[in-house]
Amino acid sequence: MKQLVIFDLDGTLLNTIADLAAAANHALAALGLPVRSQTECQSFVGNGVGKLLERALPEGCKTPEYMAKIRPVFFEYYDKHLADNTLPYTGMAELLSSLQKRGIKLAVASNKYQSATERLVKYFFPEIHFTAVLGQREGIPVKPDSTIVNDILFAAGCAREDVLYVGDSDVDMQTAKNAGVRVCGVLWGFRTRGVLAGYQPDYLTENPQEILDMVM
């Protein structure tokens, strides 16, 4: 039995793409730049807000000057609207509750900035106790660097062999591999089966309840 399950946030626990796309497009429009489709924005996420905005900027505008202008506009809007259209994926709240009742430690490892990560987790999963909720933090490398997983392992007091990492993206697959922990790729998020399968995860699933079997 696993002692700890680490979940990615965007595309794994929560479907956040509508609010991320709205914030990115608000920022682009404020700078007089063309907006992006939600499908485009979905392909841009996974490596933190900085990369989302860099990828959303049109060619010729991916400069430090434009980044300095667009970031504060994005953050101001997203901080006010981060839960407008965001929802947990079907079955995820029930999965977290089932794991908690069985004494499994839970954690979140996200490339979303720390304050937004904490707010969303607290808002959508108020009954769940997480050993650690970590997002993108100043001076800490983002996923797929393994630092975030190592920090969670230290907080939980768990060995790598007792951990399952659950995520929806290529970034998550690489993060788990870099950290030396088993990984489950979920197929309801922001990447395709083909993308995830290319990283040879230990598990792939379309059903949150199957994760309970992987842990137990």
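Analyst: Let us start with a cavity. The model is predicted. The second largest cavity has a volume of about 50 Å³.

User: Which residues line the second largest cavity?

Analyst: Its lining consists of Ser110, Asn111, Gly135, Gln136, Arg137, Ile140, Pro141, Val142, Lys143 and Ile148. Two strands, β4 and β5 (132-136), each supply at least two residues of this lining.

User: How does the lining of the second largest cavity divide into nonpolar, polar and charged residues?

Analyst: Four of the residues are nonpolar, four are polar and two are charged.

User: How many cavities of 30 Å³ or more are there?

Analyst: The count comes to two. The largest cavity holds about 220 Å³ of space.

User: Which residues lie nearest the centre of the largest cavity?

Analyst: Asp10, Val45, Gly46, Asn47 and Gly48 do, out of 19 lining residues. Now look at the elements around them. α3 (49-56), β4 (105-113) and α8 (170-179) each give at least two residues to the lining of the largest cavity. β4 has the largest share, with three residues. β4 also supplies at least two residues of the lining of the second largest cavity.

User: What classes of residue make up the lining of the largest cavity?

Analyst: Seven charged, six polar and six nonpolar residues.

User: Next, helix packing. What describes two packed helices?

Analyst: The general idea is to give the angle between their axes and the distance between the axes. Take α1 (residues 17-30) and α4 (residues 64-81) as a case. Their axes come within 8 Å and cross at roughly 140°. That angle makes α1 oblique to α4. The crossing of α1 and α4 is right-handed.

User: Which residues of α1 and α4 meet?

Analyst: On the α1 side are Asp19, Leu20, Ala22, Ala23, Ala24, His26, Ala27, Leu28 and Ala30. On the α4 side are Ile70, Val73, Phe74, Tyr77, Tyr78 and His81. By class, this contact has twelve nonpolar residues, two polar and one charged.

User: At what angle do the axes of α3 and α4 cross?

Analyst: The angle is roughly 120°, and the axes come within 10 Å. So α3 is oblique to α4. The crossing of α3 and α4 is right-handed. From α3, the contact uses Val49, Gly50, Leu52, Leu53 and Glu54. From α4, the partners are Met67, Ile70, Arg71, Phe74 and Phe75. The residues of this contact divide into seven nonpolar, one polar and two charged. Note Ile70 and Phe74 of α4: they take part in the contact with α3, and they also meet α1.

User: How do α5 and α10 lie: roughly parallel or roughly antiparallel?

Analyst: Start with the angle. α5 (residues 92-101) and α10 (residues 208-215) pack at about 20°, with their axes 8 Å apart. Therefore α5 and α10 are roughly parallel to each other. α5 passes α10 in a right-handed crossing.

User: Which residues of α5 and α10 are in contact?

Analyst: Met92, Glu94, Leu95, Ser98 and Leu99 of α5 meet Pro208, Gln209, Ile211, Leu212 and Val215 of α10. Seven residues of this contact are nonpolar, two are polar and one is charged.

User: What is the phi of Gln200?

Analyst: Gln200 has a positive phi of about 50°, yet it is not a glycine.

User: Where is Gln200 placed?

Analyst: In the loop between α9 (193-197) and β8 (203-205).

Methods: Residues are numbered from 1 along each chain as its sequence is written. This is a predicted model: local features need pLDDT of at least 70, side-chain atom pairs count only at pLDDT 80 or more; totals for chains, interfaces and linings use all residues. Side-chain values use heavy atoms; hydrogens and water are left out. On a 1 Å grid over the protein atoms alone, a cavity is a set of points where a 1.4 Å probe fits but cannot get out, and a pocket is an open set with protein on both sides within 12 Å along at least five of seven lines; lining residues have an atom within 4 Å of a point. Grid points are joined across faces, edges and corners, and a volume is the space filled by probe spheres set on the points. Helices (H or I, at least four residues) and strands (E, at least two) are DSSP runs, numbered from the N terminus. Ala, Val, Leu, Ile, Met, Phe, Trp, Tyr, Cys and Pro count as nonpolar, Asp, Glu, Lys and Arg as charged, and the others, Gly among them, as polar. Axes are lines fitted to C-alpha atoms, for helices over the stretch in contact, and angles run from 0 to 180 degrees between N-to-C directions. Angles under 35 degrees count as roughly parallel, over 145 as roughly antiparallel, 65 to 115 as roughly perpendicular and the rest as oblique. A crossing is left-handed if the near helix is turned anticlockwise from the far one by less than a right angle, and right-handed if clockwise. Contact means heavy atoms within 4.5 Å.
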